[in-house]
Amino acid sequence: MMDWSPIFISMKTASLSILVTFFIGLIVAWGIVKMKNDKIKIALDSVFTLPLVLPPTVVGFFLLWIFGVRGPIGRFFIDFFAVKIAFSWYATVIAAVVMSFPLMYRSARGAFEQVDTNLLDAGRTLGMSEWKIFWKVLFANALPGIISGGILAYARGLGEFGATAMLAGNIAGQTRTLPMAVYSDVAAGNMGSAFNYVVVIVVIAFIAISIMDYIAIRQDRQWK
């Protein structure tokens with residue numbers, strides 16, 4: 001019988017991680033777009049994009065170094081809250097957030113940069129606050145690109161493997177996500193069970209890509 005816990009764990013992890021990634025990605029992208037110092041902008045952009053190009057295991061190593069029982073944040077949570085982050089469900093969320101953040105950030109930044117700056121200046125002329133300009137003008141016009149970034153980030157969080165394995169481990173019923181379940185079943189020779197998990201992942205990925213294509217087609221027709 002198929003173990004449904006990896007599906008539930010993955011969906012729960014991806015759902016919480018996209019909530020965090022979505023809003024942080026928007027705020028960071030907005031801050032980078034508004035930044036005037038090119039050198040600082042390049043440096044920060046490189047840092048925020050780094051998890052996208054580094055091997056996931058390398059990212060997982062750094063996360064384990066930070067959130068492990070001997071890491072600065074991991075030790076702080078143990079000492080003050082008696083909460084162990086590494087090899088817990090929280091670790092799967094952290095890994096998913098870090099690995100999916102660059103997709104959300106870069107999608108939002110690209111969408112923001114495509115918005116006509118004259119619209120923003122018009123809002124300032126009308127006396128709108130920067131916060132209102134962000135939501136009413138910038139966010140509204142960049143929404144298709146932002147939604148696409150959110151879908152990509154969600155799918156990336158759902159399929160995260162390397163960093164999750166390093167920080168959260170592969171504990172059945174606790175941190176075993178869908179990719180970890182596929183790996184475990186293949187290693188154990190349970191190809192039928194692994195195939196079922198693969199089908200679930202492929203279906204979700206297909207739906208995500210279809211939604212992004214639909215949004216892109218609608219946006220293209222609106223411009224025409």
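Q: Is R109 buried or exposed in this predicted model?
A: R109 counts as buried because its relative accessible area is 15%, and the limit for a buried residue is under 20%. The model is a predicted one, and R109 lies in helix 5 of it.

Q: Is D45 buried or exposed?
A: D45 is buried, since its relative accessible area is 14%.

Q: Which other salt bridge does D45 form?
A: D45 also forms a salt bridge with R106, where the closest N and O atoms are 3.1 Å apart. This pair likewise links distant parts of the chain, from D45 in helix 2 (residues 38-53) to R106 in helix 5 (residues 89-113), 61 residues apart. R106 has a relative accessibility of 37% and is therefore partly exposed.

Q: Which residues are linked in a network of salt bridges?
A: The network links D45, R106, R109 and E113.

Q: How many salt bridges does the structure hold?
A: There are 6 salt bridges in the structure. One of them is formed by the side chains of R124 and D121, with a distance of 3.1 Å from N to O.

Q: Why are R124 and D121 separated by about one helical turn?
A: The reason is their spacing: R124 and D121 are 3 residues apart in helix 6 (residues 117-125), so about one helical turn separates them. R124 is partly exposed, with a relative accessible area of 37%. D121 is also partly exposed, at 38%.

Q: Let us turn to helix packing. How is it described, and at what angle do helix 3 and helix 4 pack?
A: Two packed helices are described by the angle between their axes and the distance between the axes. Here helix 3 (residues 56-67) packs with helix 4 (residues 72-81) at an angle of about 35°, and their axes are 4 Å apart. Helix 3 contributes W65, I66 and F67 to the contact, while helix 4 contributes P72, I73 and G74. By type, the residues of this contact comprise 5 nonpolar, 1 polar and no charged.

Q: What is the place of G25, and is the residue buried or exposed?
A: G25 belongs to helix 1. Its relative accessibility is 0%, so G25 counts as buried.

Q: Which residues is G25 in contact with, leaving aside its neighbours within four places in sequence?
A: With those neighbours set aside, G25 is in contact with F101, M104, Y105 and A108. For G25 and M104, the separation is 79 residues in sequence, yet the C-alpha to C-alpha distance is 5.6 Å.

Q: What share of the contacts in the protein chain with a separation of 6 or more comes from residues 24 or more positions apart?
A: Such residues account for 70% of those contacts.

Q: Which residues make the nonpolar surface patch?
A: The patch is made by L16, L19, V20, F23, I24, W131 and W135, and covers about 650 Å². Helix 1 (5-34) and helix 7 (130-158) each supply at least two of its residues. Helix 1 gives the most, with 5 residues. L19, whose place is in helix 1, counts as exposed because its relative accessibility is 52%.

Q: Finally, how many helices and strands are there in the protein chain?
A: The protein chain has 10 helices and 0 strands. Along its principal axes, the C-alpha trace spans about 65 × 45 × 25 Å. The chain has 224 residues, of which 40% count as buried.

Definitions and conventions. Residues are numbered from 1 along each chain as its sequence is written. This is a predicted model: local features need pLDDT of at least 70, side-chain atom pairs count only at pLDDT 80 or more; totals for chains, interfaces and linings use all residues. Side-chain values use heavy atoms; hydrogens and water are left out. Axes are lines fitted to C-alpha atoms, for helices over the stretch in contact, and angles run from 0 to 180 degrees between N-to-C directions. Contact means heavy atoms within 4.5 Å. Ala, Val, Leu, Ile, Met, Phe, Trp, Tyr, Cys and Pro count as nonpolar, Asp, Glu, Lys and Arg as charged, and the others, Gly among them, as polar. Patches are made of residues with over 30% relative accessible area and no salt bridge: like charges are joined within 9 Å, nonpolar side chains (Val, Leu, Ile, Met, Phe, Trp, Tyr) within 5 Å. Accessible areas come from the Shrake-Rupley method with a 1.4 Å probe; for residues, only the protein chains shown count as cover. A salt bridge is a side-chain nitrogen of Lys or Arg within 4 Å of a carboxyl oxygen of Asp or Glu. Buried means under 20% relative accessible area, exposed over 50%, partly exposed in between (1.4 Å probe, protein chains only).
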